[in-house]
Amino acid sequence: MSKDTPKEDPAVAAGAPLSPLTPEPTPLEGAWRYALSILMALYLCFASIHALTTPTGLTGLQNAPDEAAHVFYAKELHAGRYPTQQSVGSNPLGYEWHQPPLYYFAIAQLTPLGEKPMRFVSIGLGLLSLWLIFQVGRRLFPTDPLIPTIATGFAALLPTHIAITSTVNNDAPTEVLFSCVLLILVTSFRGGFTANRALYLGLAVGLALLVKATALLLILITLFALVLLKKNGQETRQLLSYALLSMGVVLILSGWWFVRNGMLYGEVLPLQSFKRAFAGTAKASDFVQGMGWGGYLSWVGQWTFQSFFAVFGTPKSAEKGGIPIFLPTPIYGIFAVWVLAVFAGITRLHFKRYQLFSLLQLHGIWTFLATIGLVLASFVFFILTYFQAQGRYLYPALLPISLMTTLGWLALFPEKSKKAAGLGWLVFLGLIAVLYLFMAVP
């Protein structure tokens, strides 16, 4: 086999859709059977501590961003009032009026109980997110339980992720639905895009569009995956018919939301109304005038990098406009070295990709990279207008980030050392999570 030719399944060569190019996942044996349960239990413990001890209300804390505004939206729905730009007026808590309503409908009945019970909805979604990462990893790498374990552990022990998924916001359901779409696409790479999978895909995308506008990226991700399926044998007519089925489900579920926006604001996405309402928000231009684009992007890049891993606030920092508080600087230096090592490992894998991966795995990896790229591009586009330096905006792509960083990290080590390198990384993350809670929790 030429080194420039990927390993090909005979069924694909015969023109069939992507049939199993790697073995089906087999039951885990030994200690691996408990890996997911242990990681989910650790996450549940850390997230519960954060949820129960972090102050609620209008805190302005970086580890509970915009929580009061999300709670306000849910309370309005519980009272029978649908938030719009006109209805919230100048209310300082009404600025999430532009968000789709599904998440808020889900938590509205809990509002009489207070914020802390509502936070446990996010924790439940965080647990589901971990399960999805593990399942996708098992489907792509069914003979190597180390990869899904380390990837799931990364998400479970990531301090900011623990914080964001243990407060009231619509980030957790967005992440879950992005992960659901990726699970469906990876499953389609294995067995073809079928009518049932088209229905599930339409359901996931449609629900995601009712949670956050970022879900529009899922349409592009799906189109990219369909191109890969077409390239490798599935008939164009079949793909188109199932794609139309998915789109029909999406329109049935979420089309009313865009029609409603058009009737209220004159645009399916109220972008211009959003800009007018956020006229007083800090903008990129406010900082570029003093430090130039290079200084601004460097500053935002540093804060975004640090806050992706760990950021929090205190009542005192909240009084100063919500200035972020970070862990000791050397810790982020270790994270930076790790990221560089991950890139080195991914580069190494790139030059051996056709020897190391099947077509199924390559398509999964390419879809992951496309997802990360699109989420990152949308974030960059956002910060070119508004000053936002929050790594949580990359969390819709946390599943592919977790799996790709795991692949890159493990690629640097010989086979006999991979387990120690992976588990050592999780031990380090666990210690950082403990330190984070010690510093962030009052």
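One cavity of 30 Å³ or more turns up in this structure, which is a predicted model.

## The cavity

The largest cavity holds about 50 Å³ of space. Around it stand Gln62, Pro65, Thr160, Ile164, Ser307, Val311, Gln390, Gly391 and Arg392. Sorted by class, this lining has 5 polar, 3 nonpolar and 1 charged residues.

## The second largest pocket

Next comes an open space. The second largest pocket has a volume of about 690 Å³. Its lining is made of 25 residues, and the closest to the centre of the pocket are Val339, Phe343, Ile372, Leu394 and Ile401.

Which helices each supply at least two residues of this lining? They are α14 (284-309), α16 (329-350), α18 (359-383) and α19 (398-410). Helix α18 gives the largest share, with 7 residues. By class, the lining of the second largest pocket has 22 nonpolar residues, 3 polar ones and no charged ones.

## The nonpolar cores

The largest nonpolar core takes in 110 residues, and Phe154, Phe308, Phe309 and Trp425 have the most contacts inside it. Helix α9 (residues 171-191) provides the largest share of this core, 11 residues. There is also a second, separate core of 10 residues, with Val71, Tyr104, Ala108 and Val168 among them.

Once its neighbours within four places in sequence are set aside, tryptophan 425 is in contact with Ile150, Phe154, Phe335, Trp338 and Trp409. One of these partners, Phe154, is also listed among the residues with the most contacts inside the largest core.

## Two helices that meet

Two packed helices are described by the angle between their axes and the distance between the axes. For helix α6 (residues 115-140) and α18, the axes come within 9 Å and cross at roughly 145 degrees. On the α6 side, the contact is made by Val136, Arg139 and Leu140, while α18 brings Leu360, Gln361, Gly364 and Phe368. The residues of this contact divide into 4 nonpolar, 2 polar and 1 charged.

Is threonine 367 buried or exposed? Its relative accessible area is 2%, which is under 20%, so threonine 367 counts as buried. Leaving out residues up to four places away in sequence, threonine 367 touches Leu182, Leu185, Phe189, Ile221, Phe224 and Leu228.

Leucine 39 is buried, with a relative accessible area of 7%. Residues up to four places away in sequence aside, leucine 39 touches Leu130, Thr149, Thr152, Gly153, Ala156 and Leu426. Counted in that way, methionine 40 touches Leu127 and Leu130.

From the C-alpha atom of methionine 40 to that of serine 241, 201 residues apart along the chain, the separation is 39 Å. For leucine 39 and glutamine 302, 263 residues apart along the chain, the C-alpha atoms are separated by 29 Å.

## Two more residues to look at

Aspartate 66 sits in the loop between α2 and α3 (67-78). What is the phi of aspartate 66? Although aspartate 66 is not a glycine, its phi is positive, at about 60 degrees. With a relative accessibility of 29%, aspartate 66 counts as partly exposed.

Serine 246 belongs to helix α12 (residues 236-265). Not counting residues up to four places away in sequence, serine 246 touches Phe193, Ala198, Leu201 and Gly202. Serine 246 is buried, with a relative accessible area of 7%.

| Residue | Relative accessible area | Class |
|---|---|---|
| Threonine 367 | 2% | buried |
| Leucine 39 | 7% | buried |
| Serine 246 | 7% | buried |
| Aspartate 66 | 29% | partly exposed |

Technical notes
Residues numbered from 1 in each chain as written. Predicted model: local features only at pLDDT ≥ 70, side-chain atom pairs only at ≥ 80, totals over all residues. Heavy atoms only, no water. 1 Å grid on protein atoms, 1.4 Å probe; cavity = no way out; pocket = protein on both sides within 12 Å on 5 of 7 lines; lining within 4 Å. Points joined across faces, edges and corners; volume = space filled by probe spheres on them. Helix = DSSP H or I, 4+ residues; strand = E, 2+ residues; numbered from the N terminus. Nonpolar A, V, L, I, M, F, W, Y, C, P; charged D, E, K, R; others polar. Core = buried A, V, L, I, M, F, W, Y, C linked by side-chain atoms within 4.5 Å. Buried < 20%, exposed > 50% of the residue type's maximum accessible area, 1.4 Å probe, protein only. Contact = heavy atoms within 4.5 Å. Axes fitted to C-alpha atoms, helices over the stretch in contact; angles between N-to-C directions.
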